[in-house]
Amino acid sequence: MIAEPNAAGSCRKENAVHDETVPESAVQNASCVSNGNLKTPRQKRKVREQCENIRRSSSSNRRVSQLQNGEVVEAVTLFEVVSMGKQAMQSVVDDWVEAYKQDRDVALLDLINFFIQCSGCQGMVTAEMFQSLRKKDVMRKMTETFDEETGLQYKKFMVYPWILTVTWPVDMDNEDYPLIRTGPYWKKFKTNFCEFIAVLVQQCQCSILYDSYLMDTIISLLTGLADSMVRAFRHTSTLAAMKLLTAVVSVHLNLDVNKHNAQRLYEVEKKRISGKRTNYRLDQLEKKRKEYEQKLLEIKNMMNAIFKGTFLNRYRDVIPEIRATCIEEIGSWIKTYPDTFLNDSYLKYIGWMLYDKQAEVRLKCLLGLQGIYSRKELVSRMDLFTSRFKDRIVSMPLDKDHEVAVQAMKLLMLMSQNCEDVLSTEDCETLYQFVYTTHRPLAVAAGEFLYKRLLSHEGDEEVQPKGGKFGASTDQLKRLICFVLESKLHKHVAYLIDSLWDWAGTFLKDWECMTSLLLKNREEDEEALSDAHESALIEIILATVREAAEGHPPVGRGAAKKILSAKEKKTQLEDCTKVTEHFIIVLPQLLAKYSTDAQKVANLLQIPQYYDLDVYSTGHLEKHLDALLKEVKDIVAKHCDMSVLEASSRTYYILCSEEIAIYNQVDCARTQLIDELIGQFNLLLDGFWQKEDGFCADAGEISRMHFALRRVAAFHNAHDLTKWNLYDKTVKLLVFEVEHGSLPVLMILPALQCTYFSLLWQLAAVSENSPKETLFALRRELRRFSQICMCFLHHKEKDVREKAFMILCDWLLILSHQDSNNNEEAVGLLDYLPSKSLQEKLLLFIQEHVFMEEKDESKDLAEEEESKDESCKLDDLHKKRSLLAAYCKLIVYNVVEMTAAAEIYKYYVKTYNDFGDIIKETLSKTRQNNKIQSAKTLILCLQQLFQTHAESQDSRTGVDFSSASFTNMKELARRFSLTFGWDQVKSRESVAMIHKEGIEFAFQGATGVDGKCFPPNLSFLLIISEFSNRLLKPDKRLVYAYLQRYVAEPLPCKGEEWQPLISYRNSLLATEDEESSVLGSPGEWSPVGSSKTSSLKRKLSNGSLPETSQAEAASQAPGLQGASQLASAAGKSRKRLKSREMHWQEHLPFLCPGGLGRRYCKDEIKTEDVSEEGQDVDVDVVGADQDS
C-alpha cells in the first residue's frame, strides 16, 4: 500500500472543478482494506498480500475467458467482466448479490473498485474505518491533492462507514478514460456499464436495497467522486449516479403502484360485512401497505440524496458531456414519473440549459421536451414553462447546429398540435420560411409543420362533393399557391416542393388535378385561376415532376445525389411513367393555351426532359408527338426570349436521342426548323451586305437580324450546325465590327456567341484521323477568334466587353485542358496559353469592371442609381461575381500565373460581403495545387500593399501604424491567417514560408555604406506577426533563429522605430518558459547574449552548425536546467516530440540550415508540455437568468 498522503492541502470548493484526466497506468489493480496508518514496509507488504487474496476469492465465482490474439485472458474483476460483456448482466449481478450476502464489506469494496476502474484509474483503493477517527480529523482528511515528491495523485473522501483513499500515478501522455474512448468496444462498454447499474437496482429491490448499507455506500461513493477535480472521476460517477437515480425512479413507480393496489384491497376488505370480514386479512393488508410506505420513504430519501448531491452540482459542470448526461436523465425522470418530477422545480433546469453554449446539451434539452409535449395529458401542467421559454424555443430553428435546429422544429410541431394557441400567427409565418433553407432535414421538418398547420385541414374530405373528384386536392393546391405568392420567394419553388414531398406527396402527384385547373377557361368557369396563380401553379407542376422523376433534392440542398433503395427506385419508375402518360397528351394543349406567355412556356417546355420516351412508341402516341413538335415550332417562331429559345432547343435535343424509335421523326422536324431559321438569317444577312452604306439599317431590320441571330445561337448551343457553315458568316460580322466599329450591340452579342459555338463544335469533332491541314486551319481560326475577343475587351459597349471577357476565359480554359480524343498531335497544335500581355489585360479588366467603380458614370447617373430597383443591383452584382469567378478559374487551373491572384487577394476584406466566398475558394484551391507558391502569393499581396502604403507616407515621419491603410493591412493578414485552419501540421510549410519571405522583405536595404542602417521595411514585421500563432512551437524556434541571421551584432533598440521588431520577436517567443530572460528590457537587442547571437549567426550563415555535446547544448540554454529535474514526469512528453522533430529539416529546409540547429531548438522545447499545465475552471456556461 502506498503511503498516506500529506493532508496539508486545502479542501476544494464544491464547484471549483479543474479539468484533469486520469489515465491508465501499469500499476496492478488492488482493493485493500486496512487501518490506513501502516508505516513499515513489512506491514504494507502483509496488507498487500491480504488484498490479493481477497480479490481472488471474491471474484472466483465470475471468471470468464476470452480469446485475444490466440491467448486466453481471464476476467477476474467486475470491471473486466462487464467490459468484456461475455456473460449476461443478470448472472453477473446475481453473483455479486450472492457475494454481498456472504460478506458485504468485501463485496462492496469490489463494487467500489469497479467504479474506480471504470474511471480509467488502475491505482490502489485503501479504506480506513470511520469510527477510528474523530470528526474533526475526518474533515481534515477530505482532500484531493498531488504529491510532487512521489508523482502520485491522491483522492480521500467519505464512503460511510469508511474513509477511502484512491491513489494512482499521473501519466501526462494518456489523456483518456473508458467513457470517452472511441470504437465499438468502448461504446459497448458504456452500454454495459449503464445496464449493470440498472440490473443491480432491479435485482436488489426486493432484498438488500433497503438494508441502509448498500445504497448509502454507493451514493456516498458516487457523490464523493462527482466532486473530484479529476474529469474521469467526475464524468464516470455522474453518469453512474444519474443511471442509478433512473433505476430508483422505476422502483419508486412500481412501489407506488403496489401501494395503491394494496390500499384498494384494504378499502374493499374493510367495506365487507362484519360477518364476512376477517381481521387477519385486514391486518395483513395494513401491514403490507405500511411496508410499501416505508420503502417509498426510503426510496424518496435515496432520490433526494442523489439529486441534491450529484445533479445540482454537476448539471452546470464545465464538461459538456456531464451536463448533457444530467439533462438527458432528468428528461427521462419526468416522462417516467411525472407525478413527482413534472413541476416547475425540475422543469426549470431543462429550460435554463436551453441557453447552454454546447449544442450537445441543447439537443438533450429538446429531446427531453419532445417526450413531454408529445403526451397531451402532460401538456396542461406545463403552462408556466411554456410561457417562460416559448420565445427561446421558437428562436432555436436558427441554431448554428443543424441537429439542434431540426429537433427544435419537431418540438414546435408537437407544441402546435398539443397546445392550443401557443404559437402566434407571427411565430408560424417565421417558421414557415424554413422550408426554403438549404439544410434538408430542417427543411423537411419545417415542411411537416407547414403541411399540418396550413395545408392539411380536417375538413378537406367534406369539401369533395363541392369541387368534384378533385375537391380536397384543389383546396390544398390553392392554399399552397397562395403561400407561394405571399412568401415572395417564387423562384425557389423547387425547395418548397422538396420540403413538402415526404408529407404531401399524395396531392403533389395529382397532376391531373393541377392540369385541369390550368385548362379551365377563366371566362366560363368562376373557379379558374388568375394569371399570377397560373404562373405559380406551372412552377409547382415543374418542381413536382422533377422531384418525382429524379428522386433527389434540388441543387444546393444535399452534398450528393441520394442513393435510392429498391422500393424507391420502383416508385420513381412508376411516377416517371405516370408523368409521361399524362403530359404526352396534356402538354401540347397547355403550350397552345399559353403560347404567348414566355415565362409559362419556358417552364412547360422543361417537362419533356423527364419523359420516358419509349412510351411514345409502345403506347402508339406518335400523333401527340407531332402535336408537341408543331407547338414547339410555333413557339420558336413567336418568341425571341433566350429562356424560351433555349428550352425549345433542349426539348429537340432530348427528343433526338438516336437510341429511341422516334428519332427519325424528331430529326426530320428539327432539320426542317433549322433550315427555316438559317434561311431567314441568310436573307437578312445578304440584304445587309448589299447596302452601300454598310450596316446603316433601320431599327426594324436590326431587330429582325437580332432575333434571327438569337434563334440560331440558341440552337447552335445544343445542336451541331457545322454543315450549315455559320462560322464564316458570323466571323465576317465580327471582323467588320473590329475594323469599322459600326455594328449595333444587338447583333454583336449573338454573333459572338454563334462564332464561339461553331469553334467548339469543330474542336469537339477533332479525331485521331483528322488530317494536318484541318488541324492547322482550325488552329489558325482559334488564334483569330482569340484576337477578336481581345479587341472586344476595349469595346465602347460594356455588355460587349463583359461578353468577350467571359467567352475568352472559357475559351482559354478549354484550349489549355483539351485532349482532342487522345490525339497528341492535335493537342500540341491546338494548345494555347495566354501571353504575358494577355494575362495583364485580363487582370486589368477584372480590376476595372469588378473592384473599381466607374466614376464618370456614377456622377452622371447619380439620381438614376438612387432610384435603381434592388433587383437591378442584384443583377449587376451577379454579373461581377460571374466575371470574377471566370478569371479565378484561370488561376486555379494554372492557365494564368498564380501570382496574379495577389491583385485579387487585396480586395478580400474590402469586398468580403460580395466576393469573399469566391476569393476564399480560390485561395483554398491554389493552396491545394501548390502550398509554397500559394504562400508566396499571399506574402506578395501584403508586400505590394505595404509598398503602396509606404510610398504614400512622409519619408521623414516613417510609417503611421494608426493609419487606416496600415490597419486594413493587418486585418487582411489576420484573415489570411484564419484560412489556414486549426491543423498547424498541415500548413506548417506554408506559414513558415510566409515568415521567411516576410523577414527577408523587412530587412531589405538594411546594409548601407557604413555597414548598417535602419531597415526601411522593418514595420512589415507587424504584418507577418499575425501569422505567428499558426506556427508550431518548434517552428517558432526555427523562424526566430532565421530572424537572428539578419542581425550582425547587438544593436541598440531604443526608440519607437524598433518597436515592430520587438513585437514580432515577442510573438515568436510569447509562450516560452524563458521569455523573461530572452526578451529582457525593450532597450536590449540581443535576446540570448551577444556572444551567443553572433556565434549563432555565423553558424547559420555557413549553412550548418557543428556537433556539440548535450552538456554544451544545455549550457547554451541555462533556463532548462531547472526543467531537467522533472525527468520522471516529462519523459514521455519528450518521446512524443521526437517523431515531430525528426522531420524539421525535411519539411522546412529553407529555415533549418544544419543539424545542430534542430538540436538547439529541440532542447529548448522538450519540457513545454510539462510546464504548461492548463486547468479548466468550473464556469457558468448557461446564459439564462436562472433566478426566475
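## Before you start

What you have here is a predicted model, where local features need pLDDT of at least 70, side-chain atom pairs count only at pLDDT 80 or more, and totals for chains, interfaces and linings use all residues. Residues are numbered from 1 along each chain as its sequence is written, and side-chain values use heavy atoms, with hydrogens and water left out.

## The main core

Let's begin inside. A nonpolar core is a set of buried Ala, Val, Leu, Ile, Met, Phe, Trp, Tyr and Cys residues joined through side-chain atoms within 4.5 Å. Buried means under 20% relative accessible area, with exposed over 50% and partly exposed in between (1.4 Å probe, protein chains only). The largest such core has 316 residues, and Trp 96, Phe 196 and Tyr 887 touch the most other members. Helix α8 (residues 231-270) gives the largest share, 14 residues; helices here are DSSP runs (H or I, at least four residues), numbered from the N terminus.

Contact means heavy atoms within 4.5 Å. Setting aside residues up to four places away in sequence, Trp 96 touches Leu 78, Ala 107, Leu 108, Leu 111, Leu 200, Ile 208 and Leu 214.

## A covered helix

Helix α12 (residues 344-353) is mostly covered, with seven of its 10 residues buried. Among them are Tyr 346, Tyr 349 and Trp 352. The cover includes α9 (279-314), α10 (320-336), α11 (338-341), α13 (359-373) and α15 (383-395).

Now look at helix α42 (residues 931-952) and helix α44 (residues 988-1002): their axes come within 8 Å and cross at roughly 35°. Axes are lines fitted to C-alpha atoms, for helices over the stretch in contact, and angles run from 0 to 180 degrees between N-to-C directions.

Residues of α42 including Ile 932, Leu 938 and Phe 946 sit on one side of the meeting, with Met 993, Ile 994 and Phe 1001 among those of α44 on the other.

## A buried glutamate

Glu 547 is found in helix α23 (residues 531-550), and Glu 547 is buried at a relative accessible area of 5%. Leaving out neighbours within four places in sequence, Glu 547 is in contact with Arg 440, Asp 498, Trp 501, His 552 and Pro 554.

## Cysteines without bridges

A disulfide is a pair of cysteine sulfur atoms within 2.5 Å, and by that rule the count is zero. For Cys 204, the closest cysteine sulfur is in Cys 206, 9.7 Å away and so too far for a bond. Cys 204 is buried, at 1% relative accessible area, and Cys 513 is buried too, at 0%.

How values were computed: Helix = DSSP H or I, 4+ residues; strand = E, 2+ residues; numbered from the N terminus.
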